[in-house]
Amino acid sequence: MSTSDHDRLLIIDFGSQVTQLIARRLRELKVYCEIHPFNHVDDAFLTKFAPKAVIFSGGPASVFTDGAPMPPKSVFELGVPILGICYGQQVMMQCLGGKVERGHGTAEFGRAYVTPEARKLALLQGWFEADREQVWMSHGDHVSEIAPGFEVYGTSPNAPFAITADTERDFYAVQFHPEVHHTPNGAKLYENFVRLAGFTGDWTMGAYREEAIKRIRDQVGSGRVICALSGGVDSSVAAVLIHEAIGDQLTCVYVDHGLMRKGESAQVVGMFREHYNLPLIHADESELFLGKLEGVSDPETKRKIIGGLFIDVFERHAQEMGGADFLAQGTLYPDVIESVSFSGGPSVTIKSHHNVGGLPDRMNMQLVEPLRELFKDEVRALGRELGLPESFIGRHPFPGPGLAIRCPGEITRAKLDILREADAVYIDQIRKHGLYDEIWQAFVAILPVRTVGVMGDGRTYDYACALRAVTSVDGMTADYYPFSHEFLGETATRIINEVPGINRVTYDITSKPPGTIEWE
Ligand code: XMP
């Protein structure tokens with residue numbers, strides 16, 4: 001649990017796919033919140049967490065199942081506002097004396113319209129300005145009788161208890177999901193809920209920066225911290241923040257595996273040395289990496305070689321500088337949320353993500369992870385707060401194995417050079433057309449085939465390449481970006497004219513799934 005001294009809201013997770021979105025909506029309102037699985041929340045937890053308000057998430061279970069997920073009864077005795085969503089609504093009714101009915105073939109999924117009752121409710125301020133509100137329903141069971149003390153404030157054709165509340169106790173329960181986009185006015189409900197719970201919106205990046213610095217100092221003391229800097233947003237923001245906290249007790253190591261994009265290493269190293277005066281080891285290990293990758297074309301083998309070498313190299317440089325007590329990582333909140341899994345019972349899957357997996361144990365170091373409470377866009381906001389240039393903050397993600405996984409088949413220096421040039425032209429085109437920020441990720445992959453072409457009067461026999469550009473929210477699913485034909489044509493012409501070694505350009509229109517974003 002965090003040591004944040006902000007007003008805190010607790011989200012009890014019953015396993016909904018969209019619980020994280022509740023946290024997003026609240027963070028947008030500058031409310032500090034944490035998600036915890038229902039089976040971690042007991043009386044002692046509640047006392048320690050001391051929430052100012054509680055939200056019950058939705059979830060796939062039925063209150064009729066044996067051992068159905070339930071919150072501890074004491075949550076209703078805290079005297080703080082509670083909002084139950086979907087399954088959270090059913091839990092609330094079940095616990096407080098209402099009735100839930102099994103959905104025998106009456107499940108309701110998708111868009112629905114809620115209309116108001118005559119009585120007014122503070123939670124609904126700004127709602128029903130038109131006579132109905134679109135909401136997103138996704139439930140099998142439904143509430144058939146509300147608990148004593150509750151009244152109905154909104155109904156839909158299939159959900160007579162779409163919005164209910166016990167205003168005496170500040171308990172609110174809705175059948176739909178206000179956190180998803182398909183409930184267009186949903187953010188307003190959260191805004192009203194936190195306002196009536198007395199939150200002041202004190203979760204700002206300025207405040208966070210001060211607190212994070214204090215926490216880093218408390219944790220590290222006079223110890224030494226080492227950070228693997230990749231040039232990506234997360235590790236860059238973490239490094240700058242830690243440097244602000246402990247100055248030269250931090251050393252960063254930038255492992256250059258020879259698989260970076262055109263000019264990237266100079267740009268990363270230059271920025272951190274010149275603008276931040278940050279102690280930085282530029283480990284140019286391209287000979288080592290490219291040597292070990294020679295003749296390797298299997299994607300998994302490539303990844304394993306790169307991952308293993310990365311750890312070796314990092315460890316060697318760490319030893320050369322005299323070792324360190326702590327390893328800094330840019331781990332984000334989505335990586336540490338413990339989400340509830342209902343496959344085979346209410347077990348807990350902990351998603352842990354180590355950018356430099358295996359290192360902390362092998363080198364006997366503790367972790368410093370100052371971004372563990374933040375979502376990606378909050379990390380970007382913190383980066384701005386710390387003065388990182390916009391060109392850095394808005395960068396598309398770049399995978400750890402770098403260009404190796406954009407060069408299917410055998411990797412050669414010659415192919416990498418061609419790929420770097422083609423990628424630079426493509427990104428230049430995207431920037432010139434003002435499309436960079438609309439795209440999650442864009443890159444060129446050089447294909448392991450050569451094709452015949454004609455340029456001027458001569459025959460060419462050069463590589464084909466594929467352009468990739470996708471939109472995505474989190475990289476888990478993705479759609480190809482719908483460039484205009486003019487853009488694609490112009491880009492193909494530029495690449496073929498400006499990049500010797502490529503004579504054919506294709507555009508990859510595969511979504512994810514079934515494809516992946518990267519080619520390997
Ligand atoms: P895929 O290709 O799996 O990629 O659809 C999803 C996202 O993850 C990035 N990616 C990686 N990032 N190390 C990383 O740090 C890796 O090994 C790695 N592999 C893929 C990819 O660029 C995309 O953003």
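Colleague: Where in the chain is the place of cysteine 86?

Modeller: Cysteine 86 sits in the loop that runs between strand S4 (82–85) and helix H3 (87–96). Keep in mind as we go that this is a predicted model.

Colleague: What makes you call cysteine 86 buried?

Modeller: Its relative accessible area is 3%. Setting aside residues up to four places away in sequence, cysteine 86 touches Gly58, Ser138, His139, Val174, Gln175, Phe176 and His177.

Colleague: Which residues does UniProt list for "active site"?

Modeller: The unreviewed UniProt entry lists Cys86, His177 and Glu179 under that heading. Although they are spread over 94 residues of sequence, they cluster in space, with a largest C-alpha distance of 11.3 Å.

Colleague: Is glutamate 179 buried or exposed, and how do you know?

Modeller: The relative accessible area of glutamate 179 is 1%. The limit for buried is under 20%, so glutamate 179 is buried. You can find glutamate 179 in the loop between strand S11 (171–174) and helix H4 (186–196). Apart from neighbours within four places in sequence, its contacts are Val18, Leu21, Ile22, Arg25, Ile85 and Tyr190.

Colleague: Let's move to another annotation. Which residues does the UniProt annotation "binding site" cover?

Modeller: According to the unreviewed entry, that annotation covers Ser230, Gly231, Gly232, Val233, Asp234, Ser235 and Ser236.

Colleague: Why does serine 230 count as partly exposed?

Modeller: Serine 230 has 42% relative accessibility. Buried is under 20% and exposed is over 50%, with partly exposed in between, so serine 230 belongs to the middle class. Its place is the loop between strand S12 (225–228) and helix H6 (233–246). Leaving out neighbours within four places in sequence, serine 230 is in contact with Ser235, Tyr254 and Met260.

Colleague: What does the side chain of serine 230 reach at 3.0 Å?

Modeller: The side chain reaches the backbone nitrogen of glycine 232. The cut-off for a polar contact is 3.5 Å, so this pair at 3.0 Å falls within the limit.

Colleague: And aspartate 234: why is that residue called buried?

Modeller: Aspartate 234 has a relative accessible area of 17%. With the limit at under 20%, the conclusion is that aspartate 234 is buried. The residue is in helix H6. Not counting residues up to four places away in sequence, aspartate 234 touches Gly330, Leu332, Leu371, Lys376 and Val379.

Colleague: Now the ligand, please. Which residues surround the ligand?

Modeller: Around the ligand are Arg303, Pro397, Pro399, Gly400, Pro401, Trp440, Gln441, Gly475, Lys512, Thr516, Ile517 and Glu518. Sorted by class, this shell has 5 nonpolar, 4 polar and 3 charged residues.

Colleague: What lies 2.5 Å from an oxygen atom of the ligand?

Modeller: That is an N or O atom in the side chain of glutamate 518. A backbone N or O atom of isoleucine 517 is 2.7 Å from an oxygen atom of the ligand. Also, a polar backbone atom of glycine 400 is 3.2 Å from a nitrogen atom of the ligand. On its own the ligand has 490 Å² of accessible area, and the protein covers 67% of it.

Colleague: Which two residues does the cis peptide bond with omega of about -15 degrees join?

Modeller: That bond joins lysine 512 and proline 513. Another cis peptide bond, with omega of about 10 degrees, joins proline 513 and proline 514. Proline 513 is found in the segment after strand S22 (502–507), and proline 514 is found in the segment after S22 as well.

Colleague: What is phi of lysine 30 near?

Modeller: Phi of lysine 30 is near 65 degrees, which is positive, and the residue is not a glycine. Lysine 30 lies in the loop between helix H1 (19–28) and strand S2 (32–37). At a relative accessible area of 39%, lysine 30 is partly exposed.

Colleague: And where is the place of alanine 50?

Modeller: Look in the loop between helix H2 (43–49) and strand S3 (53–56). Phi of alanine 50 is near 50 degrees, again a positive value in a residue other than glycine. The relative accessible area of alanine 50 is 48%. Exposed needs over 50%, so alanine 50 is called partly exposed.

Terms used: Residues numbered from 1 in each chain as written. Predicted model: local features only at pLDDT ≥ 70, side-chain atom pairs only at ≥ 80, totals over all residues. Heavy atoms only, no water. Near = heavy atom within 4 Å. Polar contact = N/O pair within 3.5 Å; in protein donor to acceptor, adjacent residues only side chain to side chain. Areas by Shrake-Rupley, 256 points an atom, 1.4 Å probe, with all protein chains shown as cover. Nonpolar A, V, L, I, M, F, W, Y, C, P; charged D, E, K, R; others polar. UniProt positions renumbered as here; feature names shortened; annotations may be inferred. Helix = DSSP H or I, 4+ residues; strand = E, 2+ residues; numbered from the N terminus. Buried < 20%, exposed > 50% of the residue type's maximum accessible area, 1.4 Å probe, protein only. Contact = heavy atoms within 4.5 Å.
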